[in-house]
Amino acid sequence: MKKLLCILLSSTFCLLSPISNAASQGATGKDYVHQEIDSPDRSFPLFYQKLKDHRMPFALAWHKGMDPAVWHKKAFAKAQDIILPYSDNTPFNPVVIDQIDRGSYLAQKVVFNISNESRVMALLLTPKGKGPFPAALFLHDHGARFDIGKEKFVETWNDDARLASSKQWAHKYFTDRFPGDELAKRGYVVLSIDALGWGDRSVAGFKTDSQQALASNLFNLGSSFAGIIALDDLRAAKFLAHLPNVDKQRVASVGFSMGAFRSWQVAALSPDIKASIVDCWMGTMKGLMVPGNNQLKGQSSFTMLHPYIARYLDYPDVAGLAAPKPMLVFAGGKDPLFPVTAVKEAFGKLHSIWQANKADNKLVTKVWPEKSHIFTQDMQEAAFNWLDKQFQVKQ
């Protein structure tokens, strides 16, 4: 009877018989883990190296010698599938609700449908004179500062609280300048939008810890935090490119920190973006997934986390889908968030992709040795001068 029960329960395991010492101890003895997470804060699994070695294959990653057109077709399709939660062709139906004159350009608050779900207010700067003009989509950073988003790049008005907050931000990161306004002075149409969770798309009291609940809820609703942001950026790019006074062949994305991630991402996925400026967000995935790195904090990482992407593509692979478009990527040599080794490894892959597309002259990568996580005036001027050159804008 015992033998029959053993056969029914399992061909190799019988609950009615004692487990042998050999079976219980296995090849490594009878010890078992007593701790498998490194800390209660960033909570890195202690088996992370095995996951990096065996569970991050980057199966569609770029390798030298590949046919760039064949690779792009396969990798682009997979990137779209993983990053974008769905497609959206909702009419924009824009309305200007306020404007002021800033001398050489007009500043407007424009409301439009960024998606079927969200009608948003953005800041739009338009040069005076006869267009069409070159244009730039400004994508703000994270910074754990949620009361402002679009206002980080473009100076707002008729909103004292946000103006004061954004001036603090400009002082901390941008040498007391609003980079969007600086580019508008050069003759560009500028659009600055809020990502979900920032500015008008947030709520009083929203904080770093709030992001986990938002991300979880979006997962349960069949989407993702990062996916919504990515889709909104593509929609904003389309909105900007199709404004009547914009030259569709000269539309760029500009981003700092999380906005830099968004900048190379939208350049890779959107046909409307023709060039991109990326400041302080580039590295290899494995190079950033190391103990102590900011990537491990969770919370803010959900804004840039696309589930399962490591099975197929690394960060520079996704950015590389923008090739052969012009791209400028800056990094700070003293940036604590992005180890220089990981940055330079990513730069190497980017150059390999642009070289294969016979466009390495259109890619600029630079580590600023004395800079941290920042976009100072000299960095802005270098980036904007480069963009003028790509779009043949004379100053």
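**The sheet and the cavity**

A: The sheet is open and has 9 strands with mixed pairing. Their order across the sheet is β1-β2-β3-β5-β4-β6-β7-β8-β9. The model is predicted. Two strands form the edges: β1, residues 95–101, and β9, residues 363–368. Each of these pairs on one side only. On average, neighbouring strands of this sheet are turned by 15 degrees against each other, direction ignored.

Now take one pairing. Strand β3 covers residues 119–127, and strand β5 covers residues 189–193. The two run antiparallel, joined by 3 bridges. Leu 124 has its bridge partner in β5, namely Leu 191.

Next comes the empty space. Rolling a probe the size of a water molecule over the atoms shows where such space is left. The structure holds 1 cavity of 30 Å³ or more. The largest cavity has a volume of about 40 Å³.

Who lines the largest cavity? The residues are Ile 83, Phe 261, Trp 264, Gln 265, Met 304, His 306, Ile 309, Tyr 315 and Val 318. α9 (258–269) and α11 (315–320) each supply at least two of its residues. α9 gives the most, with 3 residues.

The lining can also be sorted by class. It has 7 nonpolar residues and 2 polar ones.

Terms used:
Residues numbered from 1 in each chain as written. Predicted model: local features only at pLDDT ≥ 70, side-chain atom pairs only at ≥ 80, totals over all residues. Heavy atoms only, no water. Pairing = 2+ DSSP bridges. Helix = DSSP H or I, 4+ residues; strand = E, 2+ residues; numbered from the N terminus. Axes fitted to C-alpha atoms, helices over the stretch in contact; angles between N-to-C directions. 1 Å grid on protein atoms, 1.4 Å probe; cavity = no way out; pocket = protein on both sides within 12 Å on 5 of 7 lines; lining within 4 Å. Points joined across faces, edges and corners; volume = space filled by probe spheres on them. Nonpolar A, V, L, I, M, F, W, Y, C, P; charged D, E, K, R; others polar.
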